[in-house]
Amino acid sequence: MNFAENSRTHVRIGILALSAMILVLGLALRWMNLDQIAEPIFDEVHYVPAAKVLVGLKDHPGMGLWASHPLLGKAPAPNFEHPLLGKFLIGLGMKAFGPDAWGWRFFPAVFGSLSLVLMGLLAWRFFQNSVLAVLALCLLSFDSMHLLHSRMAMLDIFLVTALIGLLLSSYRLIQNPELWRWRIACAVWIAAGLSSKWVFAFAILGFCWCVLALGRGHWMKRGQTLVMVGLMALGLYHLWFFYYAAHGFSYGEWLGFQWVANSVTTGKLTQHPYGATAFSMLLNSRNIWYYFKQVPDQGTMGLVGLINPWLIFSVLPALSVLIVHYRRHRQLKDAFILGWFACCYLPFHLVLMQRQGFLYYMLLVLPIIILAVCRMLEIAAQKIRLETVACLYALPFLALTGFFLPVVLAWPMSQDYYLWIIRWTGV
């Protein structure tokens with residue numbers, strides 16, 4: 001083995017070791033002291049009771065104000081605003097490990113961990129560059145919002161995992177449209193995402209655009225691929241009808257129930273202390289206190305939902321660079337990122353936001369943001385060495401991650417730190 005080959009081998013080993021270290025640390029942060037806060041946090045107060053009903057750990061308490069509604073009154077669980085997959089998984093965790101904090105947060109932690117692996121695979125396939133793959137894994141592993149939701153029994157972590165899986169599968173599909181495994185994978189991720197939250201419909205819009213606009217071959221072939229994947233995904237999603245049929249729903253009632261439930265959800269909030277507009281989400285300016293408690297002899301503990309400021313403030317520069325670069329070079333990677341971001345962000349946040357939103361809605365585009373930032377650095381590396389650019393970007397990101405860890409992992413806070421967080425969040 002000559003000197004050049006020996007050097008490349010050492011570089012590969014070093015990158016693999018760094019990837020493993022980031023992954024292990026990311027997993028450790030998601031799993032350690034998972035049940036530290038024993039009571040339900042934030043929207044866990046809605047999803048945990050519903051999950052208990054779905055898996056038979058608790059009797060159905062009735063629908064309260066909705067009891068007289070012809071469709072909502074027959075809902076299988078009191079929380080009818082979202083599909084059942086995420087709530088079933090939360091319930092299965094309690095069924096397996098007990099109806100406590102460890103049980104209801106088990107599967108969110110599993111899917112948060114799975115999403116890290118999928119993100120690393122996506123970045124490697126997308127960039128074919130180990131440095132950018134490691135950086136993408138690092139950004140998702142240590143982003144505050146993703147880390148927090150990996151440790152909570154909410155539905156958004158299932159959503160973001162399905163999105164990363166769909167991004168990976170759709171990119172492989174447009175490269176290999178004849179391979180059935182990628183068609184099946186796309187269908188599975190679409191059905192899983194839509195079964196977690198109906199807002200995943202915007203990701204389906206992104207998938208349709210990806211296949212039709214970026215796929216290879218004649219447009220009729222692309223259309224056939226889209227129809228095949230759509231039929232498989234629709235078939236998988238329709239398996240839920242059998243569960244609803246067991247609760248007395250006809251097929252028409254099941255369709256109507258979903259329409260009414262989604263309408264109630266989208267029209268539910270008009271004003272909220274943590275409400276965010278589409279633009280304020282890009283500025284990370286409406287952070288959310290998920291939990292707050294004064295603990296004797298320990299001080300103040302709390303959880304704040306925020307996206308790493310270094311990452312979120314990079315979004316607009318990254319998108320601007322990609323737009324300019326695409327206009328000049330028409331490269332697939334730029335089109336893929338810009339198209340997915342437009343489909344997942346613009347309709348949801350700019351067209352349909354006639355009500356208040358929340359910062360954690362940005363989880364639907366977080367993997368796309370990470371791809372955009374990595375792509376911006378790849379373009380910048382045409383003039384500066386990529387390893388240098390990646391390190392310069394990662395260091396402030398990691399510093400901010402460390403700074404905000406007390407309000408992501410509910411560590412006791414000093415008085416000065418607590419007062420600064422209060423001023424920063426504005427609450």
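Me: Which residue forms a salt bridge with Arg-375, and how far apart are the closest N and O atoms?
Reply: In this predicted model, Arg-375 pairs with Glu-378 in a salt bridge, with the closest N and O atoms 2.6 Å apart.

Me: Where do the two sit in helix H17?
Reply: Arg-375 and Glu-378 are 3 residues apart in helix H17, so about one helical turn separates them.

Me: Are they buried or exposed?
Reply: Arg-375 and Glu-378 are both buried.

Me: Which residues do salt bridges with shared partners join into one network?
Reply: The network consists of Lys-333, Asp-334, Arg-375 and Glu-378.

Me: What is the N to O distance between Glu-378 and Lys-333?
Reply: The side chains of Glu-378 and Lys-333 form a salt bridge at 3.1 Å, N to O. Glu-378 belongs to helix H17 (residues 366-380) and Lys-333 to helix H16 (residues 332-351), so this pair ties together parts that lie 45 residues apart in sequence.

Me: And that pair, buried or exposed?
Reply: Glu-378 and Lys-333 are both buried.

Me: Different topic. How many salt bridges does the structure hold?
Reply: The structure holds 7 salt bridges. One of them is formed by the side chains of Glu-44 and Arg-105, at 3.0 Å from N to O.

Me: Which helices do Glu-44 and Arg-105 lie in?
Reply: Glu-44 lies in helix H2 (residues 44-54), and Arg-105 lies in helix H4 (residues 101-127). The pair therefore ties together parts that are 61 residues apart in sequence.

Me: What is the relative accessibility of Glu-44?
Reply: Glu-44 has 0% relative accessibility and therefore counts as buried.

Me: And what is the relative accessible area of Arg-105?
Reply: The value for Arg-105 is 1%, so that residue is buried as well.

Me: Now the whole protein. How many helices and strands are there?
Reply: The protein contains 19 helices and 2 strands.

Me: What percentage of the residues is buried?
Reply: Of the 427 residues in the protein, 55% are buried.

Me: How about contacts between residues at least 6 apart in sequence: what share joins residues at least 24 apart?
Reply: Of those contacts in the protein, 75% join residues at least 24 apart in sequence.

Me: Last one: what does the accessible surface come to?
Reply: The accessible surface of the protein is about 18,500 Å², and carbon and sulfur atoms account for 67% of that area.

Methods: Residues are numbered from 1 along each chain as its sequence is written. This is a predicted model: local features need pLDDT of at least 70, side-chain atom pairs count only at pLDDT 80 or more; totals for chains, interfaces and linings use all residues. Side-chain values use heavy atoms; hydrogens and water are left out. Helices (H or I, at least four residues) and strands (E, at least two) are DSSP runs, numbered from the N terminus. Buried means under 20% relative accessible area, exposed over 50%, partly exposed in between (1.4 Å probe, protein chains only). Contact means heavy atoms within 4.5 Å. Accessible areas come from the Shrake-Rupley method with a 1.4 Å probe; for residues, only the protein chains shown count as cover. A salt bridge is a side-chain nitrogen of Lys or Arg within 4 Å of a carboxyl oxygen of Asp or Glu.
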